[in-house]
Amino acid sequence: MSAFNGRNRSEPAISTASLPDIVFMLLFFFMTVTTISNNELLVENELPMATAINTLDKKDRLIEIYVGMPKQELAKTLGNALRIQLNDQIAQITDIGPFVLQELSKKPESIRNFVTVALKVDKNVKVGMVADIKKELQEVHVYKVNYTTHQGESGNQKF
Amino acid sequence: MRRTRENPEVHAGSMADIAFLLLIFFLVTTTIETDKGLDRKLPQEDNQTSIVVNERNVFRISLNKYDQLLVEEKIMSTDQLKDQVIAFLDNGGEVGTDGTYCDYCKGSRNPELSDNPKEAIIVLNSDRNASYGMYVNIQDQLAAAYNTLRNREAQRLYGQDFDQMEDRYYAPESNASEKNILKERVETIRSLFPMNISEAELNVQSQNQNL
């Protein structure tokens, strides 16, 4: 017994010397995996869920269009109707065609044929709005679209 | 003189706190963006040619403004839709117009349903006031139905799932010779079950979009 008592008396302190390293590793992990969105969202953007999905192309081959209600804190200035956001500006539906063409011309020629338009549309938006956007895209001969979603089963299934 | 002799140690005790602060800052400011979605190709605008199709080869889905689903004149919930679409596509009723009989179809050969998956067309009509969430849900169910059938055929012909083949095909690390084989296989499977989804006409009854 005395042998054990002797050991117990001086408890070794847990070394915290490696703690900064661990935290730094976590930090670097988060810095590498998160993609920082380069434009601030002005509209609500709760994407729908889907399961049979493809992974989007690289970011430089995407043109993003956000659609949704204005954010609560912006409702005073932007009103409470559906809004389209292109880059960091609120736009009209007729701006979509010129915007897409302008974005296309910024891309290097070699990847222009692979550019996809990512429609990031809030799930409460009406289909008619999306149909109008698709029509605008057809008019400028951009046919590749992606309905951006989250992965998962959709919860509220009405019939 | 005494000072220079022994180097003062840098105090590293607060390093962890600093790193934690940074970590928390990144956690708070970054929003993880989704990079998943349903890829679709819009029809060419000038493609206004009308084709004659047999009524049995058309599968009609309508979505009304209350987000209710009408499939072939029956009200249905979305979770039943996938099985219905599979039954329709995989039916393999009769010899098609190009004289080929769908020998890989495992359906019930119901005279009401499609002749051949190559001729089967799914027509999706949605009201302008239906919600986009529901619309994507339907698109997702349709894609899931096609994926199921394509996976089955890919397993039968090549012993591999279709989506795996597709992933390998699009992966940048696959080499050229592998890609060539995969390209042919992917195209074969796609031609067995081509995705023909038409969204010909959307209701234009309510134009009160306040934009």
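Predicted model: local features only at pLDDT ≥ 70, side-chain atom pairs only at ≥ 80, totals over all residues.
Residues are numbered from 1 along each chain as its sequence is written, while chains are lettered from A and ligands numbered from 1 in the order in which they are written.

## The sheet of chain B

Chain B has an open sheet of 5 strands in the order β4-β3-β2-β5-β6, with mixed pairing. Strands are DSSP runs of E with at least two residues, helices are runs of H or I with at least four residues, and both are numbered from the N terminus. Two strands pair if DSSP finds at least two bridges between them. At the edges of the sheet are β4 (74-76) and β6 (197-198) of chain B, each of which pairs on one side only.

Strands β2 (residues 58-63) and β5 (residues 121-126) of chain B run parallel and are joined by 6 bridges. Within β5(B), B:V123 is the bridge partner of B:R60.

## Helix α4 of chain B

Helix α4(B) lies across β2, β5 and β6 of chain B and runs at about 155° to β2(B). Axes are lines fitted to C-alpha atoms, for helices over the stretch in contact, and angles run from 0 to 180 degrees between N-to-C directions.

The axes of α4 (residues 132-158) and α5 (residues 162-170) of chain B come within 7 Å and cross at roughly 85°. Residues are in contact if their C-beta atoms, placed from the backbone, lie within 7 Å.

## Where the chains meet

Between the chains, 52 residues of chain B are in contact with 53 residues of chain A. On the side of chain B that touches chain A, α2 (15-29), β1 (36-41), β4, α3 (78-89) and α4 of chain B each supply at least two residues. Helix α4(B) gives the most, with 10 residues.

Strand β7 (residues 144-151) of chain A pairs with β1(B) in the antiparallel sense over 6 bridges. There, A:V145 has B:R40 in β1(B) as its bridge partner.

Methods: Contact = placed C-beta atoms within 7 Å.
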